[in-house]
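Let's take a walk through this model together. Have the coordinates open in your viewer and follow along as we go.

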2 protein chains.
Amino acid sequence: MENLSNSVIFPKGDKATSAYFTGNVWVQMLVTEEVFNCPVYNVTFEPKARTKWHSHPGGQILLVTGGKGYYQEEGKPAQSLQEGDVVKIPPNVKHWHGASKESWFVHVGISTNPNLGNAEWHGPVTEEEYQ
Amino acid sequence: MENLSNSVIFPKGDKATSAYFTGNVWVQMLVTEEVFNCPVYNVTFEPKARTKWHSHPGGQILLVTGGKGYYQEEGKPAQSLQEGDVVKIPPNVKHWHGASKESWFVHVGISTNPNLGNAEWHGPVTEEEYQ
């Protein structure tokens with residue numbers, strides 16, 4: 001199992017609520033000041049941990065800083081992700097992201113156009129879908 | 001001298017124009033799609049390389065991913081930067097950022113509120129100022 005300590009650049013932060021995630025996930029806000037109009041945060045997933053299905057009215061950008069994970073849009077195959085990958089999630093596209101079975105996964109997230117509203121959350125990514 | 005190869009996560013890209021920088025600097029755009037309203041780019045500075053003095057009408061965020069560098073706002077002391085630091089540059093604040101004398105320096109940059117206009121560029125950071 002890839003060692004998380006090799007992949008952390010930004011602070012790990014606190015364990016996140018299970019309302020949005022399956023498994024253990026940590027979130028550290030990096031930028032919250034309203035003047036920037038650009039929330040930025042670091043998200044760390046333990047192996048098999050993942051977001052629930054969700055969408056962003058203004059879109060989202062993921063900058064992968066360590067580990068191995070997946071990104072999947074509804075109705076499409078999952079894409080493998082690793083350090084250095086950039087994911088551009090268009091507005092209102094239902095998707096999930098999270099760690100692989102064997103590795104931790106760390107990404108910076110940017111919520112773009114936050115004035116268009118908060119993320120909309122749907123159900124969990126089932127074990128069957130994750131497999 | 002810190003080895004650049006230990007600090008790169010995102011692509012290095014092409015050597016940037018000397019209109020904006022002193023020394024050798026490489027820039028790789030990561031996000032340019034207008035829908036996100038959030039240009040994101042990776043910037044790599046060789047030792048002693050730095051931006052010219054500049055300001056952003058909409059502000060800028062720096063996410064330091066490797067090496068050692070500096071950030072200085074006009075009229076204030078320079079701050080040392082290293083992996084994991086986040087710099088929040090308010091709109092219209094004249095500043096520069098770049099590498100230390102002994103180390104390469106790599107950061108992701110985010111231009112916030114790009115609708116407010118492009119960066120305004122001023123003169124170079126002189127050797128005397130840099131020292």
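What share of the contacts in chain A with a separation of 6 or more comes from residues 24 or more positions apart? Such residues account for 72% of those contacts, where two residues are in contact if their C-beta atoms, placed from the backbone, lie within 7 Å.

A word on what you are looking at: this is a predicted model, in which local features need pLDDT of at least 70 and side-chain atom pairs count only at pLDDT 80 or more, while totals for chains, interfaces and linings use all residues. Residues are numbered from 1 along each chain as its sequence is written, and chains are lettered from A and ligands numbered from 1 in the order in which they are written.

Let's begin with chain A by itself. It has 1 helix and 12 strands; these elements are DSSP runs numbered from the N terminus, with helices being H or I of at least four residues and strands being E of at least two. In sequence order the pattern is β-β-β-β-β-β-β-β-β-β-β-β-α. The radius of gyration of chain A is 14 Å, close to the 14 Å that the globule rule gives for 131 residues, so chain A is as compact as a globular protein of that length. Here the radius is taken over C-alpha atoms, and the rule is 2.2 Å times the number of residues to the power 0.38. Along the principal axes, the C-alpha atoms of chain A fill a box of roughly 40 × 35 × 25 Å. Of the 131 residues of chain A, 38% count as buried. A residue is buried if 20 or more other C-beta atoms lie within 10 Å of its own, exposed if 12 or fewer, and partly exposed in between, again with C-beta atoms placed from the backbone.

Now bring in the second chain. The same surface serves both copies, with 100% of the contact residues of chain A recurring in chain B.

How many residues does each chain bring to the contact? Chain A gives 24 residues and chain B gives 25 residues. On the side of chain A that touches chain B, strand 3 (25-31), strand 7 (60-73), strand 9 (86-89) and strand 11 (105-111) of chain A each supply at least two residues. The largest share, 3 residues, comes from strand 7 of chain A. By type, this side of chain A divides into 15 nonpolar, 6 polar and 3 charged residues; Ala, Val, Leu, Ile, Met, Phe, Trp, Tyr, Cys and Pro count as nonpolar, Asp, Glu, Lys and Arg as charged, and the others, Gly among them, as polar.

Of its 26 residues, A:C38, A:I61, A:I110, B:C38, B:I61 and B:I110 touch the most other members. Strand 7 and strand 11 of chain A, together with strand 7 (60-73) and strand 11 (105-111) of chain B, are the elements that give two or more residues to this core. Beyond its neighbours within four places in sequence, A:I110 is in contact with A:C38, A:V40, A:Q60, A:I61, B:C38 and B:I110.

Strand 1 (residues 14-15) and strand 3 (residues 25-31) of chain B pair in the antiparallel sense over 2 bridges, with B:D14 opposite B:V27. Strand 3 of chain B also pairs with strand 4 of chain B in the antiparallel sense, over 6 bridges, and there B:V27 stands opposite B:V43.

Finally, visit a few loops. B:P47, between strand 4 (40-45) and strand 5 (50-51) of chain B, counts as buried because it has 20 C-beta neighbours inside 10 Å. Its C-alpha atom is separated by 4.8 Å from that of B:W104, 57 residues apart along the chain. In chain A, A:N92 sits in the loop between strand 9 and strand 10 (95-99). With 12 C-beta neighbours inside 10 Å, A:N92 counts as exposed, and its phi is near 65 degrees, a positive value in a residue other than glycine.

Note on methods: A nonpolar core is a set of buried Ala, Val, Leu, Ile, Met, Phe, Trp, Tyr and Cys residues joined through C-beta atoms within 7 Å. Two strands pair if DSSP finds at least two bridges between them.
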